[in-house]
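Subject: A structure for you to explore

Hi there,

Here is the structure I promised to pass on to you. Please open it next to this email, and then read on for what turned up.

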Amino acid sequence: MFCFQCEQTAKGEGCTKIGVCGKQPDVAALQDLLIYVAKGLAQVALAARKAGIKDNRVDRFTCEAIFSTLTNVDFDPQRFVALIQEAARLRDALKAKAEKTGAKIGAGAVATFKPAADLKGLVAQGESVGIPSADQLNADIRSLRELLIYGIKGLAAYTDHAAILGQEDDAVYQFIYEGLAATLDDSLGVNDLVGLALKCGEVNLKAMALLDAGNTGTYGHPVPTAVPLGHKKGKALLVSGHDLKDLESILKQTQGKGIYVYTHGEMLPTHGYPGLKKYEHFYGHYGTAWQNQAKEFAAFPGAIVMTTNCIQKPKESYQDNIFTTGLVGWPGVHHIATKDFTPAINKALAMPGFTEDDPGKSVMVGFARNAVLGVADKVIEAVKNKAIRHFFLVGGCDGAKPGRDYYTELVEKIPSDCVVLTLACGKFRFFDKDLGNIGGIPRLLDIGQCNDAHSAIQIAVALAGAFNCGVNDLPLSMILSWYEQKACVILLSLLHLGIKNIRLGPSLPAFISPNVLDVLVKNFNIMPIGTADQDLKAILG
Ligand code: SF4
Ligand code: SF3
(Lines give C-alpha, C1' and ligand atoms only; values in the text may rest on other atoms or scores of the structure.)
(Ligands and ions follow the chains in the order given, each with its own letter.)
Protein backbone atom coordinates (compact mmCIF):
# COMPACT_ATOMS: atom_id res chain seq x y z
CA MET A 1 0.00 0.00 0.00
CA PHE A 2 1.01 3.61 -0.34
CA CYS A 3 -0.98 6.43 1.21
CA PHE A 4 0.16 9.91 2.18
CA GLN A 5 -3.12 11.78 2.19
CA CYS A 6 -3.14 12.85 5.83
CA GLU A 7 -0.92 14.61 8.31
CA GLN A 8 -0.03 11.57 10.39
CA THR A 9 1.38 9.59 7.46
CA ALA A 10 4.26 7.30 8.52
CA LYS A 11 7.61 9.09 8.92
CA GLY A 12 6.11 12.14 7.21
CA GLU A 13 6.51 10.25 3.91
CA GLY A 14 3.82 7.63 3.42
CA CYS A 15 2.13 4.63 5.02
CA THR A 16 3.41 1.52 3.27
CA LYS A 17 2.72 -1.46 5.53
CA ILE A 18 -0.41 -0.42 7.39
CA GLY A 19 -1.95 3.01 7.93
CA VAL A 20 -1.02 4.89 11.08
CA CYS A 21 -4.81 5.50 11.13
CA GLY A 22 -5.39 1.72 11.21
CA LYS A 23 -6.17 1.37 7.49
CA GLN A 24 -5.26 -2.14 6.35
CA PRO A 25 -3.51 -2.72 3.00
CA ASP A 26 -6.61 -4.37 1.50
CA VAL A 27 -8.76 -1.33 2.33
CA ALA A 28 -6.04 1.00 1.00
CA ALA A 29 -6.09 -0.92 -2.32
CA LEU A 30 -9.90 -0.88 -2.43
CA GLN A 31 -9.97 2.89 -1.77
CA ASP A 32 -7.43 3.42 -4.58
CA LEU A 33 -9.58 1.30 -6.88
CA LEU A 34 -12.73 3.20 -5.93
CA ILE A 35 -11.04 6.52 -6.77
CA TYR A 36 -9.87 4.98 -10.06
CA VAL A 37 -13.39 3.83 -10.98
CA ALA A 38 -14.75 7.23 -9.90
CA LYS A 39 -12.39 8.87 -12.41
CA GLY A 40 -13.81 6.68 -15.18
CA LEU A 41 -17.32 7.46 -14.00
CA ALA A 42 -16.39 11.15 -14.14
CA GLN A 43 -15.24 10.84 -17.76
CA VAL A 44 -18.53 9.22 -18.70
CA ALA A 45 -20.56 11.76 -16.69
CA LEU A 46 -18.80 14.65 -18.47
CA ALA A 47 -19.49 13.15 -21.88
CA ALA A 48 -23.12 12.48 -20.93
CA ARG A 49 -23.50 16.04 -19.64
CA LYS A 50 -22.23 17.34 -22.96
CA ALA A 51 -25.13 15.45 -24.50
CA GLY A 52 -27.49 17.11 -22.01
CA ILE A 53 -27.86 14.08 -19.74
CA LYS A 54 -27.45 14.51 -15.99
CA ASP A 55 -28.24 11.99 -13.31
CA ASN A 56 -28.56 13.21 -9.73
CA ARG A 57 -28.19 9.66 -8.37
CA VAL A 58 -24.76 9.48 -10.07
CA ASP A 59 -23.84 12.93 -8.70
CA ARG A 60 -24.80 12.02 -5.13
CA PHE A 61 -23.19 8.58 -5.36
CA THR A 62 -19.90 10.03 -6.64
CA CYS A 63 -19.67 12.32 -3.61
CA GLU A 64 -20.57 9.53 -1.20
CA ALA A 65 -17.98 7.20 -2.75
CA ILE A 66 -15.23 9.81 -2.59
CA PHE A 67 -16.19 10.87 0.96
CA SER A 68 -15.85 7.22 2.00
CA THR A 69 -12.13 7.35 1.16
CA LEU A 70 -11.44 10.33 3.44
CA THR A 71 -9.16 9.61 6.38
CA ASN A 72 -10.95 7.94 9.32
CA VAL A 73 -14.30 7.44 7.58
CA ASP A 74 -14.65 3.83 6.39
CA PHE A 75 -12.38 0.93 7.23
CA ASP A 76 -14.76 -1.86 6.16
CA PRO A 77 -13.57 -3.73 3.03
CA GLN A 78 -17.02 -5.13 2.22
CA ARG A 79 -18.51 -1.64 2.00
CA PHE A 80 -15.83 -0.73 -0.57
CA VAL A 81 -16.58 -3.84 -2.62
CA ALA A 82 -20.19 -2.68 -2.88
CA LEU A 83 -19.17 0.90 -3.71
CA ILE A 84 -16.78 -0.16 -6.49
CA GLN A 85 -19.38 -2.41 -8.09
CA GLU A 86 -22.07 0.26 -7.84
CA ALA A 87 -19.71 2.84 -9.39
CA ALA A 88 -19.14 0.60 -12.42
CA ARG A 89 -22.86 -0.21 -12.66
CA LEU A 90 -23.87 3.47 -12.58
CA ARG A 91 -21.16 4.32 -15.10
CA ASP A 92 -22.34 1.69 -17.57
CA ALA A 93 -26.00 2.63 -17.11
CA LEU A 94 -25.23 6.31 -17.69
CA LYS A 95 -23.17 5.44 -20.74
CA ALA A 96 -25.99 3.34 -22.21
CA LYS A 97 -28.51 6.12 -21.55
CA ALA A 98 -26.28 8.74 -23.21
CA GLU A 99 -25.50 6.52 -26.19
CA LYS A 100 -29.22 6.04 -26.84
CA THR A 101 -29.35 9.76 -27.64
CA GLY A 102 -26.56 9.31 -30.18
CA ALA A 103 -23.87 10.78 -27.87
CA LYS A 104 -20.35 9.49 -28.34
CA ILE A 105 -18.91 8.32 -25.03
CA GLY A 106 -15.15 7.75 -25.00
CA ALA A 107 -14.01 4.17 -24.52
CA GLY A 108 -10.71 4.76 -22.66
CA ALA A 109 -9.30 2.15 -20.31
CA VAL A 110 -10.48 3.88 -17.13
CA ALA A 111 -14.03 4.45 -18.38
CA THR A 112 -14.42 0.81 -19.44
CA PHE A 113 -12.59 -0.83 -16.54
CA LYS A 114 -14.26 -4.04 -15.34
CA PRO A 115 -14.05 -4.63 -11.60
CA ALA A 116 -13.27 -8.17 -10.44
CA ALA A 117 -16.12 -10.19 -8.99
CA ASP A 118 -14.70 -10.72 -5.50
CA LEU A 119 -12.75 -8.96 -2.79
CA LYS A 120 -9.47 -10.73 -3.53
CA GLY A 121 -9.63 -9.81 -7.20
CA LEU A 122 -10.56 -6.21 -6.43
CA VAL A 123 -7.67 -5.84 -4.00
CA ALA A 124 -5.28 -7.12 -6.69
CA GLN A 125 -6.72 -4.61 -9.17
CA GLY A 126 -6.47 -1.83 -6.58
CA GLU A 127 -2.81 -2.56 -5.99
CA SER A 128 -2.05 -1.73 -9.61
CA VAL A 129 -3.90 1.62 -9.75
CA GLY A 130 -2.64 3.36 -6.61
CA ILE A 131 -0.59 6.55 -6.43
CA PRO A 132 2.28 6.28 -8.94
CA SER A 133 5.74 6.31 -7.41
CA ALA A 134 7.99 9.34 -7.87
CA ASP A 135 9.97 7.30 -10.47
CA GLN A 136 6.86 6.71 -12.55
CA LEU A 137 5.61 10.29 -12.67
CA ASN A 138 7.20 13.73 -12.51
CA ALA A 139 7.26 14.67 -8.80
CA ASP A 140 5.43 17.99 -9.24
CA ILE A 141 2.68 16.57 -11.46
CA ARG A 142 2.21 13.73 -8.99
CA SER A 143 2.09 16.21 -6.12
CA LEU A 144 -0.47 18.46 -7.83
CA ARG A 145 -2.67 15.60 -9.00
CA GLU A 146 -2.83 14.30 -5.44
CA LEU A 147 -3.43 17.81 -4.07
CA LEU A 148 -6.35 18.07 -6.49
CA ILE A 149 -7.68 14.64 -5.51
CA TYR A 150 -7.48 15.46 -1.77
CA GLY A 151 -9.14 18.82 -2.44
CA ILE A 152 -11.91 16.97 -4.28
CA LYS A 153 -12.23 14.53 -1.37
CA GLY A 154 -12.87 17.43 1.00
CA LEU A 155 -15.18 19.10 -1.52
CA ALA A 156 -17.15 15.86 -2.02
CA ALA A 157 -17.53 15.54 1.76
CA TYR A 158 -18.96 19.05 2.12
CA THR A 159 -21.14 18.58 -0.95
CA ASP A 160 -22.56 15.41 0.59
CA HIS A 161 -23.18 17.12 3.94
CA ALA A 162 -25.05 19.92 2.13
CA ALA A 163 -27.04 17.56 -0.10
CA ILE A 164 -28.27 15.65 2.97
CA LEU A 165 -29.91 18.92 4.01
CA GLY A 166 -31.40 19.46 0.55
CA GLN A 167 -28.81 21.96 -0.73
CA GLU A 168 -27.21 21.19 -4.10
CA ASP A 169 -25.71 23.14 -6.99
CA ASP A 170 -24.98 21.42 -10.25
CA ALA A 171 -21.84 23.54 -10.81
CA VAL A 172 -20.23 21.71 -7.88
CA TYR A 173 -20.88 18.28 -9.41
CA GLN A 174 -19.65 19.51 -12.78
CA PHE A 175 -16.34 20.57 -11.22
CA ILE A 176 -15.94 17.34 -9.27
CA TYR A 177 -16.16 15.41 -12.56
CA GLU A 178 -13.82 17.84 -14.34
CA GLY A 179 -11.29 17.67 -11.52
CA LEU A 180 -11.35 13.88 -11.33
CA ALA A 181 -10.99 13.55 -15.10
CA ALA A 182 -8.15 16.12 -15.13
CA THR A 183 -6.00 13.83 -13.00
CA LEU A 184 -5.97 11.39 -15.97
CA ASP A 185 -4.99 14.04 -18.50
CA ASP A 186 -1.29 13.85 -19.33
CA SER A 187 -1.45 17.08 -21.34
CA LEU A 188 -1.95 19.15 -18.17
CA GLY A 189 1.19 20.78 -16.78
CA VAL A 190 2.07 22.39 -13.45
CA ASN A 191 0.26 25.68 -14.14
CA ASP A 192 -2.92 23.91 -15.29
CA LEU A 193 -2.98 21.76 -12.18
CA VAL A 194 -2.26 24.67 -9.83
CA GLY A 195 -5.17 26.46 -11.50
CA LEU A 196 -7.44 23.46 -11.00
CA ALA A 197 -6.44 23.13 -7.34
CA LEU A 198 -7.35 26.78 -6.76
CA LYS A 199 -10.57 26.30 -8.72
CA CYS A 200 -11.34 23.41 -6.37
CA GLY A 201 -10.96 25.90 -3.51
CA GLU A 202 -13.29 28.30 -5.30
CA VAL A 203 -15.96 25.67 -5.92
CA ASN A 204 -15.62 24.56 -2.32
CA LEU A 205 -16.71 28.03 -1.20
CA LYS A 206 -19.96 27.35 -3.03
CA ALA A 207 -20.30 23.92 -1.41
CA MET A 208 -19.63 25.35 2.04
CA ALA A 209 -22.13 28.16 1.49
CA LEU A 210 -24.70 25.48 0.57
CA LEU A 211 -23.87 23.57 3.73
CA ASP A 212 -24.19 26.75 5.80
CA ALA A 213 -27.58 27.39 4.17
CA GLY A 214 -28.59 23.79 4.91
CA ASN A 215 -27.56 23.97 8.56
CA THR A 216 -28.91 27.43 9.33
CA GLY A 217 -31.97 27.03 7.10
CA THR A 218 -32.94 23.82 8.90
CA TYR A 219 -31.87 24.51 12.47
CA GLY A 220 -31.62 28.32 12.66
CA HIS A 221 -28.53 30.47 13.19
CA PRO A 222 -26.40 29.33 16.14
CA VAL A 223 -26.74 31.51 19.24
CA PRO A 224 -24.21 31.87 22.06
CA THR A 225 -24.88 28.92 24.36
CA ALA A 226 -23.18 27.56 27.48
CA VAL A 227 -22.56 23.81 27.18
CA PRO A 228 -21.92 21.74 30.30
CA LEU A 229 -18.94 19.41 30.11
CA GLY A 230 -20.40 17.24 32.88
CA HIS A 231 -23.39 14.91 32.89
CA LYS A 232 -26.86 14.22 34.23
CA LYS A 233 -27.87 11.19 36.25
CA GLY A 234 -29.50 8.82 33.76
CA LYS A 235 -29.06 6.80 30.60
CA ALA A 236 -26.70 8.27 28.05
CA LEU A 237 -26.14 8.32 24.30
CA LEU A 238 -23.11 10.00 22.74
CA VAL A 239 -23.12 11.36 19.17
CA SER A 240 -19.87 12.08 17.34
CA GLY A 241 -18.98 13.26 13.82
CA HIS A 242 -20.42 16.24 11.95
CA ASP A 243 -23.91 15.34 10.71
CA LEU A 244 -26.64 17.56 12.19
CA LYS A 245 -29.50 15.62 10.62
CA ASP A 246 -28.35 12.37 12.22
CA LEU A 247 -28.16 14.17 15.56
CA GLU A 248 -31.67 15.54 15.08
CA SER A 249 -33.00 12.06 14.23
CA ILE A 250 -31.39 10.67 17.37
CA LEU A 251 -32.84 13.50 19.48
CA LYS A 252 -36.31 12.83 18.06
CA GLN A 253 -36.05 9.08 18.51
CA THR A 254 -34.80 9.31 22.11
CA GLN A 255 -37.49 11.78 23.21
CA GLY A 256 -39.35 10.59 26.31
CA LYS A 257 -37.13 7.54 26.70
CA GLY A 258 -35.19 8.74 29.74
CA ILE A 259 -31.94 9.11 27.79
CA TYR A 260 -29.72 12.19 27.80
CA VAL A 261 -27.95 12.86 24.52
CA TYR A 262 -24.37 14.15 24.64
CA THR A 263 -22.06 15.41 21.90
CA HIS A 264 -18.51 14.37 21.24
CA GLY A 265 -15.75 15.95 19.13
CA GLU A 266 -16.97 18.08 16.23
CA MET A 267 -20.59 17.81 17.43
CA LEU A 268 -19.92 20.32 20.24
CA PRO A 269 -21.06 23.42 18.28
CA THR A 270 -24.46 21.83 17.53
CA HIS A 271 -25.60 22.92 21.01
CA GLY A 272 -25.87 26.46 19.61
CA TYR A 273 -28.55 25.67 16.99
CA PRO A 274 -32.09 26.65 18.10
CA GLY A 275 -33.57 23.71 16.20
CA LEU A 276 -31.43 21.26 18.19
CA LYS A 277 -31.03 22.94 21.58
CA LYS A 278 -34.82 22.95 22.01
CA TYR A 279 -34.71 19.25 22.96
CA GLU A 280 -34.65 19.12 26.74
CA HIS A 281 -32.75 15.84 26.85
CA PHE A 282 -29.94 17.26 24.67
CA TYR A 283 -27.66 17.85 27.59
CA GLY A 284 -23.93 18.46 27.30
CA HIS A 285 -20.60 17.63 25.73
CA TYR A 286 -18.43 14.67 26.63
CA GLY A 287 -14.73 14.26 25.84
CA THR A 288 -12.47 16.09 23.46
CA ALA A 289 -11.12 15.48 19.93
CA TRP A 290 -11.19 12.30 17.83
CA GLN A 291 -7.72 11.04 18.70
CA ASN A 292 -8.69 10.63 22.36
CA GLN A 293 -11.74 8.46 21.61
CA ALA A 294 -10.31 5.09 22.65
CA LYS A 295 -9.85 6.33 26.20
CA GLU A 296 -12.97 8.53 26.32
CA PHE A 297 -15.39 6.06 24.70
CA ALA A 298 -14.17 3.26 26.97
CA ALA A 299 -15.22 5.36 29.97
CA PHE A 300 -18.62 6.42 28.57
CA PRO A 301 -21.46 4.53 30.31
CA GLY A 302 -23.82 4.56 27.32
CA ALA A 303 -24.13 3.95 23.58
CA ILE A 304 -22.07 5.85 21.01
CA VAL A 305 -23.02 6.77 17.41
CA MET A 306 -20.39 7.87 14.86
CA THR A 307 -22.08 9.92 12.12
CA THR A 308 -18.98 10.90 10.08
CA ASN A 309 -15.22 11.11 10.51
CA CYS A 310 -13.20 10.51 12.64
CA ILE A 311 -13.53 6.89 13.79
CA GLN A 312 -10.63 4.89 15.18
CA LYS A 313 -10.33 1.17 15.87
CA PRO A 314 -12.79 0.50 18.70
CA LYS A 315 -11.40 -1.14 21.81
CA GLU A 316 -12.91 -4.48 22.74
CA SER A 317 -14.34 -2.88 25.87
CA TYR A 318 -16.76 -0.69 23.85
CA GLN A 319 -16.95 -2.53 20.51
CA ASP A 320 -20.53 -3.63 21.35
CA ASN A 321 -21.63 -0.12 22.44
CA ILE A 322 -20.53 1.78 19.34
CA PHE A 323 -22.62 2.16 16.15
CA THR A 324 -21.84 3.71 12.79
CA THR A 325 -24.21 5.41 10.37
CA GLY A 326 -23.94 7.18 7.01
CA LEU A 327 -20.60 6.66 5.32
CA VAL A 328 -18.68 5.65 8.43
CA GLY A 329 -17.71 2.03 8.81
CA TRP A 330 -15.55 -0.31 10.85
CA PRO A 331 -15.59 -4.06 10.22
CA GLY A 332 -17.62 -5.82 12.90
CA VAL A 333 -19.22 -2.62 14.22
CA HIS A 334 -23.05 -2.48 14.02
CA HIS A 335 -23.92 -0.18 11.10
CA ILE A 336 -27.25 1.68 11.12
CA ALA A 337 -28.01 2.28 7.46
CA THR A 338 -31.72 3.08 7.78
CA LYS A 339 -31.54 5.97 10.27
CA ASP A 340 -33.68 3.94 12.63
CA PHE A 341 -31.44 4.30 15.67
CA THR A 342 -33.37 1.75 17.78
CA PRO A 343 -30.34 -0.57 18.21
CA ALA A 344 -28.26 2.30 19.67
CA ILE A 345 -31.19 3.48 21.82
CA ASN A 346 -31.77 -0.03 23.19
CA LYS A 347 -28.07 -0.32 23.95
CA ALA A 348 -28.14 3.04 25.80
CA LEU A 349 -31.14 1.81 27.81
CA ALA A 350 -29.37 -1.45 28.67
CA MET A 351 -26.21 0.29 29.85
CA PRO A 352 -25.82 1.84 33.30
CA GLY A 353 -25.67 5.49 32.23
CA PHE A 354 -24.38 8.10 34.68
CA THR A 355 -25.23 7.39 38.31
CA GLU A 356 -25.23 10.99 39.53
CA ASP A 357 -25.54 14.60 38.39
CA ASP A 358 -22.26 16.40 37.78
CA PRO A 359 -22.64 19.52 35.61
CA GLY A 360 -18.86 20.16 35.63
CA LYS A 361 -17.56 23.32 34.03
CA SER A 362 -19.08 24.71 30.88
CA VAL A 363 -17.86 26.17 27.59
CA MET A 364 -19.46 28.69 25.24
CA VAL A 365 -20.37 27.85 21.62
CA GLY A 366 -22.50 29.55 18.98
CA PHE A 367 -20.31 32.38 17.70
CA ALA A 368 -20.97 31.72 14.04
CA ARG A 369 -21.29 34.54 11.48
CA ASN A 370 -24.77 35.67 12.49
CA ALA A 371 -23.91 36.04 16.19
CA VAL A 372 -20.52 37.69 15.58
CA LEU A 373 -21.74 40.03 12.88
CA GLY A 374 -24.70 40.90 15.07
CA VAL A 375 -22.22 42.65 17.39
CA ALA A 376 -19.98 43.87 14.55
CA ASP A 377 -20.42 47.53 15.62
CA LYS A 378 -19.07 46.72 19.06
CA VAL A 379 -16.16 44.76 17.60
CA ILE A 380 -15.27 47.51 15.10
CA GLU A 381 -15.43 50.12 17.83
CA ALA A 382 -13.15 48.03 20.05
CA VAL A 383 -10.60 47.78 17.23
CA LYS A 384 -10.81 51.51 16.49
CA ASN A 385 -10.29 52.50 20.11
CA LYS A 386 -7.47 49.92 20.38
CA ALA A 387 -9.20 47.77 23.00
CA ILE A 388 -8.72 44.90 20.52
CA ARG A 389 -5.23 44.83 19.03
CA HIS A 390 -5.38 41.72 16.87
CA PHE A 391 -7.50 38.70 15.91
CA PHE A 392 -6.10 35.19 15.70
CA LEU A 393 -7.96 32.48 13.84
CA VAL A 394 -6.57 29.34 15.47
CA GLY A 395 -8.39 26.39 14.02
CA GLY A 396 -8.39 23.25 11.96
CA CYS A 397 -8.00 19.60 12.80
CA ASP A 398 -6.63 18.03 15.95
CA GLY A 399 -4.42 14.96 15.92
CA ALA A 400 -2.11 12.86 18.03
CA LYS A 401 1.28 14.48 17.39
CA PRO A 402 3.02 16.02 20.43
CA GLY A 403 3.85 19.08 18.23
CA ARG A 404 0.17 20.03 18.45
CA ASP A 405 0.82 21.35 21.96
CA TYR A 406 1.97 24.42 20.03
CA TYR A 407 -1.66 25.48 19.62
CA THR A 408 -2.35 25.28 23.36
CA GLU A 409 0.77 27.24 24.19
CA LEU A 410 0.03 29.82 21.50
CA VAL A 411 -3.49 30.50 22.75
CA GLU A 412 -2.24 30.70 26.35
CA LYS A 413 0.37 33.23 25.32
CA ILE A 414 -1.77 35.41 23.05
CA PRO A 415 -1.90 38.78 24.85
CA SER A 416 -5.09 39.80 26.65
CA ASP A 417 -5.91 42.57 24.16
CA CYS A 418 -6.33 40.02 21.35
CA VAL A 419 -9.32 37.87 20.36
CA VAL A 420 -9.08 34.20 19.37
CA LEU A 421 -11.54 32.87 16.80
CA THR A 422 -11.62 29.11 16.48
CA LEU A 423 -13.33 26.31 14.60
CA ALA A 424 -13.04 22.55 13.99
CA CYS A 425 -11.66 19.93 16.34
CA GLY A 426 -8.29 21.68 16.74
CA LYS A 427 -10.10 23.83 19.34
CA PHE A 428 -9.94 21.00 21.86
CA ARG A 429 -6.34 22.02 22.53
CA PHE A 430 -7.73 25.08 24.38
CA PHE A 431 -11.57 25.05 24.23
CA ASP A 432 -12.09 24.97 28.01
CA LYS A 433 -9.73 27.83 28.85
CA ASP A 434 -11.28 30.91 30.37
CA LEU A 435 -9.77 33.76 28.34
CA GLY A 436 -12.14 36.39 29.72
CA ASN A 437 -13.57 39.18 27.56
CA ILE A 438 -12.79 42.58 26.13
CA GLY A 439 -15.58 45.03 26.93
CA GLY A 440 -18.12 42.19 26.93
CA ILE A 441 -16.74 40.52 23.76
CA PRO A 442 -15.51 37.04 24.71
CA ARG A 443 -11.83 36.57 23.88
CA LEU A 444 -12.45 33.00 22.72
CA LEU A 445 -15.11 32.72 20.02
CA ASP A 446 -16.07 29.25 18.80
CA ILE A 447 -17.36 29.64 15.24
CA GLY A 448 -18.25 25.97 14.88
CA GLN A 449 -17.18 22.79 13.11
CA CYS A 450 -14.68 22.52 10.26
CA ASN A 451 -17.94 22.41 8.26
CA ASP A 452 -18.49 26.04 9.31
CA ALA A 453 -15.37 27.45 7.63
CA HIS A 454 -17.73 29.46 5.40
CA SER A 455 -18.91 31.29 8.50
CA ALA A 456 -15.32 32.19 9.47
CA ILE A 457 -14.65 33.49 5.96
CA GLN A 458 -17.85 35.57 6.04
CA ILE A 459 -16.75 37.13 9.34
CA ALA A 460 -13.32 38.03 7.91
CA VAL A 461 -14.83 39.42 4.70
CA ALA A 462 -17.38 41.50 6.65
CA LEU A 463 -14.67 42.93 8.91
CA ALA A 464 -12.56 43.78 5.86
CA GLY A 465 -15.60 45.53 4.36
CA ALA A 466 -16.17 47.50 7.57
CA PHE A 467 -12.55 48.65 7.63
CA ASN A 468 -12.55 49.27 3.91
CA CYS A 469 -9.53 47.03 3.34
CA GLY A 470 -8.69 43.55 2.09
CA VAL A 471 -8.70 40.48 4.37
CA ASN A 472 -4.88 40.46 4.18
CA ASP A 473 -4.81 44.02 5.60
CA LEU A 474 -6.91 43.20 8.65
CA PRO A 475 -5.26 42.81 12.04
CA LEU A 476 -5.93 39.07 11.63
CA SER A 477 -3.55 36.11 11.55
CA MET A 478 -4.58 32.60 10.53
CA ILE A 479 -2.77 29.83 12.35
CA LEU A 480 -4.15 26.57 11.12
CA SER A 481 -3.74 22.91 11.96
CA TRP A 482 -4.54 20.21 9.43
CA TYR A 483 -5.03 16.50 9.53
CA GLU A 484 -7.36 15.23 6.80
CA GLN A 485 -8.73 16.22 3.41
CA LYS A 486 -11.55 18.51 4.56
CA ALA A 487 -8.75 20.73 5.87
CA CYS A 488 -6.95 20.45 2.50
CA VAL A 489 -9.90 21.86 0.60
CA ILE A 490 -10.49 24.65 3.13
CA LEU A 491 -6.86 25.64 2.68
CA LEU A 492 -7.39 25.69 -1.10
CA SER A 493 -10.43 27.94 -0.57
CA LEU A 494 -8.36 30.37 1.49
CA LEU A 495 -5.64 30.40 -1.18
CA HIS A 496 -8.25 30.97 -3.90
CA LEU A 497 -9.39 34.04 -1.91
CA GLY A 498 -5.79 35.27 -2.04
CA ILE A 499 -5.28 35.01 1.71
CA LYS A 500 -1.61 35.27 2.55
CA ASN A 501 0.71 34.57 5.47
CA ILE A 502 -1.16 31.48 6.71
CA ARG A 503 0.82 29.51 9.27
CA LEU A 504 0.25 25.78 8.88
CA GLY A 505 1.13 22.92 11.19
CA PRO A 506 2.00 20.72 12.86
CA SER A 507 3.87 19.62 9.70
CA LEU A 508 3.52 20.36 6.00
CA PRO A 509 1.77 17.80 3.75
CA ALA A 510 4.00 14.94 2.58
CA PHE A 511 2.31 15.08 -0.84
CA ILE A 512 3.54 18.61 -1.53
CA SER A 513 6.77 18.44 -3.58
CA PRO A 514 9.51 21.04 -2.95
CA ASN A 515 8.70 22.89 -6.19
CA VAL A 516 4.97 23.00 -5.45
CA LEU A 517 5.75 24.29 -1.96
CA ASP A 518 7.89 26.94 -3.58
CA VAL A 519 4.93 28.08 -5.71
CA LEU A 520 2.74 28.29 -2.59
CA VAL A 521 5.36 30.21 -0.64
CA LYS A 522 6.05 32.66 -3.49
CA ASN A 523 2.39 33.38 -4.19
CA PHE A 524 0.85 33.14 -0.75
CA ASN A 525 3.72 33.31 1.74
CA ILE A 526 2.28 30.22 3.42
CA MET A 527 4.66 29.08 6.15
CA PRO A 528 5.09 26.31 8.70
CA ILE A 529 4.38 27.11 12.34
CA GLY A 530 7.47 27.89 14.41
CA THR A 531 7.39 28.12 18.19
CA ALA A 532 4.57 29.98 19.90
CA ASP A 533 6.96 32.70 21.09
CA GLN A 534 8.61 33.17 17.67
CA ASP A 535 5.29 33.31 15.84
CA LEU A 536 3.69 35.76 18.27
CA LYS A 537 6.74 37.98 18.07
CA ALA A 538 6.68 37.90 14.27
CA ILE A 539 2.94 38.69 14.18
CA LEU A 540 2.66 41.29 16.93
CA GLY A 541 6.17 42.74 16.83
FE1 SF4 B 1 -1.54 6.78 6.52
FE2 SF4 B 1 -3.13 8.91 6.76
FE3 SF4 B 1 -3.33 7.31 4.65
FE4 SF4 B 1 -4.15 6.49 7.07
S5 SF4 B 1 -5.01 8.13 5.81
S6 SF4 B 1 -2.97 5.29 5.60
S7 SF4 B 1 -2.56 7.45 8.37
S8 SF4 B 1 -1.58 8.58 5.20
FE1 SF3 C 1 -11.52 16.95 13.07
FE2 SF3 C 1 -11.53 14.51 12.07
FE3 SF3 C 1 -10.41 17.44 10.77
FE4 SF3 C 1 -13.82 18.36 11.33
S5 SF3 C 1 -13.01 15.35 13.33
S6 SF3 C 1 -11.84 18.72 11.74
S7 SF3 C 1 -9.87 15.84 12.05
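A residue is near a molecule or strand if one of its heavy atoms lies within 4 Å of it. With that in mind, there are 13 residues around ligand 1, and C3, C6, C15, C21 and T71 come nearest. The shell around ligand 1 divides into 7 nonpolar, 5 polar and 1 charged residue. Here Ala, Val, Leu, Ile, Met, Phe, Trp, Tyr, Cys and Pro count as nonpolar, Asp, Glu, Lys and Arg as charged, and the others, Gly among them, as polar.

Before going further, a word on the ground rules. This is a predicted model, in which local features need pLDDT of at least 70 and side-chain atom pairs count only at pLDDT 80 or more, while totals for chains, interfaces and linings use all residues. Residues are numbered from 1 along each chain as its sequence is written, chains are lettered from A and ligands numbered from 1 in the order in which they are written, and side-chain values use heavy atoms, with hydrogens and water left out.

Back to the cysteines. Buried means under 20% relative accessible area, exposed over 50%, and partly exposed in between (1.4 Å probe, protein chains only). C3 is buried at 13%, and C15 is buried at 6%. How many disulfides does the count come to? The count is 0, where a disulfide is a pair of cysteine sulfur atoms within 2.5 Å.

Next, the nonpolar cores. A nonpolar core is a set of buried Ala, Val, Leu, Ile, Met, Phe, Trp, Tyr and Cys residues joined through side-chain atoms within 4.5 Å. The largest one has 154 residues, of which L155, F391, L476, M478 and I502 touch the most other members. Helix α1 (residues 25–50) gives the most to this core, with 16 residues; helices (H or I, at least four residues) and strands (E, at least two) are DSSP runs, numbered from the N terminus. Apart from this core lies another, of 23 residues, including I250, V261, A303 and V305. Leaving out residues up to four places away in sequence, M478 touches L393, V471, L494, I499, N501, I502 and R503, where contact means heavy atoms within 4.5 Å.

Now for the charges. Side chains of opposite charge can pair when their charged atoms come close. A salt bridge is a side-chain nitrogen of Lys or Arg within 4 Å of a carboxyl oxygen of Asp or Glu, and the structure holds 23 of them. One joins E7 and K401 (2.8 Å, N to O). This pair links distant parts of the chain, 394 residues apart: E7 sits in the segment before α1, and K401 in the loop between β9 (390–396) and α14 (405–413). E7 is buried at 3%, whereas K401 is partly exposed at 30%.

Another salt bridge pairs D170 with K54 (3.1 Å, N to O). D170 belongs to helix α6 (residues 170–182) and K54 to the loop between α1 and α2 (56–68), 116 residues apart. D170 is partly exposed, at 29%.

Last, have a look at K232, in the loop between β1 (225–228) and β2 (235–240). K232 is partly exposed, at 28%. Its C-alpha atom is separated by 8.1 Å from that of T355, 123 residues apart along the chain.

Happy exploring!
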